[in-house]
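Subject: Structure handover

Hello,

Please open it before you read on.

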Amino acid sequence: LIFEYEVSVRALVQSCFVEDEKLFLYISSPLSPDKLVQIRPWRLADADYVVDPNISIWAHRAVFVGGVPRPIKAVELAHIMDRLYGCVACAGIDTDVEYKYPKGHLKCAGRVVFTNRNSYMKAIADRYVQLSHGEVEKTVEIKPYVLDDQPCDECGGERCGHRPAPFFCPHLSCLQYYCEKCWESIHASRAREDHKPLVKEA
């Protein structure tokens with residue numbers, strides 16, 4: 001449900017009863033009288049959190065966090081990742097473009113940006129980590145966050161007419177964006193021939 005005014009959300013919440021710190025409401029329909037449903041209000045401001053507005057944020061140190069338990073706020077994700085790896089600059093929860101509500105049913109996805117390269121590298125190297133949120137424990141996946149319209153880090157666009165690089169290599173020895181020509185030349189060696197490009201999450 002999307003309400004036009006905040007007062008409507010407050011009225012809905014006031015109509016609920018609380019059990020185990022969760023909101024519930026009975027709704028009725030001709031086919032299902034007195035059905036118990038859980039209400040999960042979502043504040044739009046909870047989708048993003050910046051630790052310190054004065055800190056410069058470098059998007060190349062962003063990671064994708066998949067399988068995050070719902071409903072988790074960006075500030076909670078930031079604090080959890082900061083305890084695990086340190087030096088978190090900001091965090092965000094991926095939301096639906098139209099409805100602005102976290103994607104997914106029981107779990108959603110987030111993104112975290114680090115101020116420190118060591119924290120970024122440690123998070124990526126772990127790949128999977130146990131994340132606790134309230135009574136819920138989830139194994140989440142961590143991988144580099146693929147950005148849109150990035151230039152080739154190898155040639156700076158000189159070999160591809162300055163078009164956006166279509167490939168990103170998530171291997172710890174690379175962690176770069178590549179155009180087609182640079183991908184082929186860099187990954188022609190036996191040491192890197194098994195590297196696979198990372199596809200941006202939808």
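This is a predicted model: local features need pLDDT of at least 70, side-chain atom pairs count only at pLDDT 80 or more; totals for chains, interfaces and linings use all residues.

Residues are numbered from 1 along each chain as its sequence is written, and side-chain values use heavy atoms, with hydrogens and water left out.

Overall picture

The protein chain has four helices and eleven strands. These are DSSP runs, numbered from the N terminus: H or I over at least four residues for helices, E over at least two for strands. The radius of gyration is 21 Å, well over the 17 Å that the globule rule gives for 202 residues, so the chain is more spread out than a compact globule. That radius is taken over C-alpha atoms, and the rule is 2.2 Å times the number of residues to the power 0.38. Along the principal axes, the C-alpha atoms fill a box of roughly 65 × 35 × 35 Å.

Of the 202 residues, 36% are buried (under 20% relative accessible area; exposed is over 50%, partly exposed in between; 1.4 Å probe, protein chains only). The chain exposes about 12900 Å², and carbon and sulfur atoms supply 51% of that (Shrake-Rupley method, 1.4 Å probe; for residues, only the protein chains shown count as cover).

Contacts are heavy atoms within 4.5 Å. Among those between residues at least 6 apart in sequence, 58% join residues at least 24 apart.

UniProt lists residues 1–41 for "domain: RRM", in an unreviewed entry. Its positions follow the numbering used here, feature names are shortened, and annotations may be inferred rather than shown by experiment. In the model, the span is 22% helix and 34% strand. Its end C-alpha atoms lie 10 Å apart.

Is His-195 buried or exposed? His-195 counts as buried, at 7% relative accessibility. His-195 sits in the segment after α4 (180–186). Leaving out residues up to four places away in sequence, His-195 touches Cys-169, His-171, Ser-173, Cys-174, Trp-183 and His-187.

His-162 lies in the loop between β9 (136–144) and β10 (167–169). At 56% relative accessibility, His-162 counts as exposed. With residues up to four places away in sequence not counted, His-162 touches Gly-156 and Gly-157. His-162 and Leu-25 are 137 residues apart in sequence; C-alpha to C-alpha, the pair is 55 Å apart in space.

Best regards
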